[in-house]
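Begin with the interface and then turn to single elements.

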Amino acid sequence: MADVATSVPARFNPWPATVFVALCILAALFLAPTAGVLLSSVKTTRAIALGDLWSVPDRIYLENYAEVLFNPAVHRYFLNTILVTVPATFASIALGVLAGHVFAKLPFRGSNILFLIVVSGMFFPPQVILVPLFRLFNGLGLIDTLWPIILVHTALGIPICTLLMRNFFAAVPNALREAALIEGANEWQVLTRVSLPLSLPALAVLATLQFTWIWNDFLWPLIFTQSDEMRTIMIGIVNLRGQYTVAWGVQGALSLVASLPTLVIFLFFQRYFIKGMTMGAIKG
Amino acid sequence: MESQNRLWRVLLLALPILVFSVLVIWPLLSSFYYSFTNWNGFNRDYEFLGLRNFAKIWTDRLFFDAIVNTTIWMAAALVLPTLTGLFLALLLDRQVRGARIFKTVFYLPICLSAIVVGQIWIWIYQPDWGLLNTFVKLAGNPDFNYAWLARPDSALFAVIVAWSWQQTGLSMVIYLAGLTSIPSEMLEVCEIEGATVWQRIWRVVIPLLTPSTVVVVALSMINSLKGFDILYIMTGGGPFNSSDTLAMHMYNESFKKYLMGYGSAISVVLFLIALTIIGVYFRQLRKVDEIYG
């Protein structure tokens with residue numbers, strides 16, 4: 001049967017090629033918006049105004065980036081965003097670890113109901129708690145500081161962090177915990193020395209998810225801050241629109257710079273990111 | 001041993017439950033309380049209005065518009081990303097060359113903030129040199145400068161497209177995860193039995209993807225109900241409230257007009273809608289669990 005190919009011509013399968021071409025077209029369509037911003041950010045305002053936004057430039061114009069990177073307001077926005085994102089990411093994961101351990105390893109009567117209540121917090125529109133939180137922080141004199149944003153993101157992160165940590169801790173064999181307890185370890189040591197070192201992937205998932213969400217958030221800084229000194233980068237983008245009304249290139253550069261941290265995290269930790277998204281969605 | 005466990009439960013749960021109760025549960029409950037008042041956001045005092053805020057809802061034309069817009073917004077945000085996500089997942093499930101790169105491309109928008117996504121699409125819809133009108137001009141309509149975001153007829157749909165662009169990746173990965181759980185033997189049997197590609201997809205793959213569909217649908221609805229940032233930056237609810245959704249309307253009444261009592265009443269409606277969706281979701285999830293194990 002060596003001459004199969006000549007006697008019975010192998011049936012040409014058009015599917016892989018068709019699918020590949022279809023995917024290429026769709027990918028190009030999907031990338032077009034982002035590509036447009038990238039292009040606009042390396043062009044002069046004049047070129048864009050003349051309708052030359054969507055062509056590949058022959059000269060890369062970096063002034064837009066200089067304008068953004070040397071703008072002291074942008075520094076302020078970035079610093080504020082980091083001051084919010086890092087502590088809130090850390091705190092929400094820490095609280096999720098504590099609660100997740102109890103729900104996974106120390107269940108009690110009614111713990112399932114409590115777990116369900118905590119997890120369902122993930123699903124509610126934030127508008128529902130907007131007014132009372134505004135009143136609370138107004139009463140505490142914390143409006144126009146970063147504290148309410150950090151606290152609220154910490155609290156709103158508890159559902160997803162508890163959910164993922166509980167699922168992960170549940171997969172850690174009980175025998176390990178019991179052995180540690182017999183050796184004289186207490187519950188805290190079981191959590192920090194046994195369970196946590198085995199759960200690094202879950203921590204990576206949560207760190208990427210929480211960092212991205214908090215960095216990208218717009219609503220809470222909009223509600224809780226008023227002065228330009230306290231604004232985060234996503235509000236900054238909107239504020240600077242006024243300053244750079246027709247300077248589309250500068251706006252493009254600013255959008256890209258503001259997205260850089262989350263883009264980098266996404267590209268390097270994509271695996272964790274996607275896992276978190278699907279786990280959070282499906283196990284919910 | 002058990003008494004020690006009890007101690008540890010209290011110690012470990014105290015902080016998370018305290019934070020969650022004070023900053024999520026309590027505000028949720030007091031939203032109901034404030035919905036009966038006329039608090040204006042600044043004064044310490046307020047009066048009780050009874051059900052007057054809810055009575056106002058019935059006569060508020062803007063609220064009615066917001067309900068209509070929210071319905072359109074949710075329906076479209078449900079159908080578009082779900083279908084495109086399913087389509088992409090089906091294409092990518094066959095081992096295509098470069099599947100990983102394609103997945104990254106389709107998934108990338110999800111890591112952008114809604115503000116940046118809105119900004120990007122404002123440029124696409126820009127009347128004079130935006131990408132969309134550039135294409136229309138190239139297609140032989142040189143004077144075309146329709147302002148997509150400034151016309152009441154198109155504003156909401158223009159934002160829906162931008163939103164779908166961002167959300168498609170999410171439904172795609174959920175469907176991809178669902179596809180991996182379909183045993184390949186089953187598809188091989190279909191092929192041997194002579195089923196065409198379409199029959200395989202319609203009769204076997206899509207029915208078997210029901211659990212994923214339930215998740216995607218619920219998630220899309222919940223996410224679109226939360227959707228606020230992208231509308232805020234692209235249209236601000238306008239023009240003439242043509243893209244004003246419930247979340248937008250609630251924000252405007254509370255933080256633009258400082259009618260926080262009335263805003264709370266709107267948020268109570270929002271809460272009840274979310275609760276209904278979640279209730280149906282959990283029920284469907286249980287049903288799916290029973291059928292598909």
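In this predicted model, about 8100 Å² is buried between chain A and chain B, and carbon and sulfur atoms give 81% of that area. Buried area here is the accessible area, with a 1.4 Å probe, that two parts lose on being put together, summed over both. More than any other three residues, A:Phe30, A:Phe123 and A:Arg135 contribute to the area that chain A buries against chain B, with 10% of it. The contact (heavy atoms within 4.5 Å) takes 89 residues from chain A and 90 residues from chain B.

Between the two chains the count of salt bridges is zero, where a salt bridge is a side-chain nitrogen of Lys or Arg within 4 Å of a carboxyl oxygen of Asp or Glu. Polar contacts do occur: 10 residue pairs across the interface meet the rule, both residues being at pLDDT 80 or more. The rule asks for a pair of N or O atoms within 3.5 Å; within protein, one must be able to donate a hydrogen and the other to accept it, and residues adjacent in sequence count only if both atoms are side-chain atoms. On the side of chain A that touches chain B, helix α2 (residues 15-41) of chain A gives the most, with 15 residues. Helices (H or I, at least four residues) and strands (E, at least two) are DSSP runs numbered from the N terminus. That side of chain A divides into 67 nonpolar, 18 polar and four charged residues; Ala, Val, Leu, Ile, Met, Phe, Trp, Tyr, Cys and Pro count as nonpolar, Asp, Glu, Lys and Arg as charged, and the others, Gly among them, as polar.

The conventions are as follows. Residues are numbered from 1 along each chain as its sequence is written, and chains are lettered from A and ligands numbered from 1 in the order in which they are written. Local features need pLDDT of at least 70, side-chain atom pairs count only at pLDDT 80 or more, totals for chains, interfaces and linings use all residues, and side-chain values use heavy atoms, with hydrogens and water left out.

The largest nonpolar core has 181 residues, and B:Phe106 and B:Met234 have the most contacts inside it. Such a core is a set of buried Ala, Val, Leu, Ile, Met, Phe, Trp, Tyr and Cys residues joined through side-chain atoms within 4.5 Å. Buried means under 20% relative accessible area, exposed over 50%, and partly exposed in between (1.4 Å probe, protein chains only). Beyond its neighbours within four places in sequence, B:Phe106 is in contact with residues including A:Leu23, A:Phe30, B:Leu88 and B:Met172.

Chain B has 13 helices and zero strands. Of its 293 residues, 55% count as buried. Why is helix α12 (residues 246-256) of chain B described as largely enclosed by the rest of the structure? Because 10 of its 11 residues are buried, among them B:His249, B:Asn252 and B:Glu253. Just after this helix, B:Tyr258 takes a positive phi of about 55 degrees.

B:Ser264 lies in helix α13 (residues 260-292) of chain B. This serine counts as buried because its relative accessibility is 0%. The side chain of B:Ser264 reaches the backbone oxygen of B:Met260 at 2.9 Å.

In chain A, A:Ser92 belongs to helix α5 (residues 72-105) and is buried, with a relative accessible area of 0%. A polar contact of 2.9 Å joins the side chains of A:Ser92 and A:Gln210.
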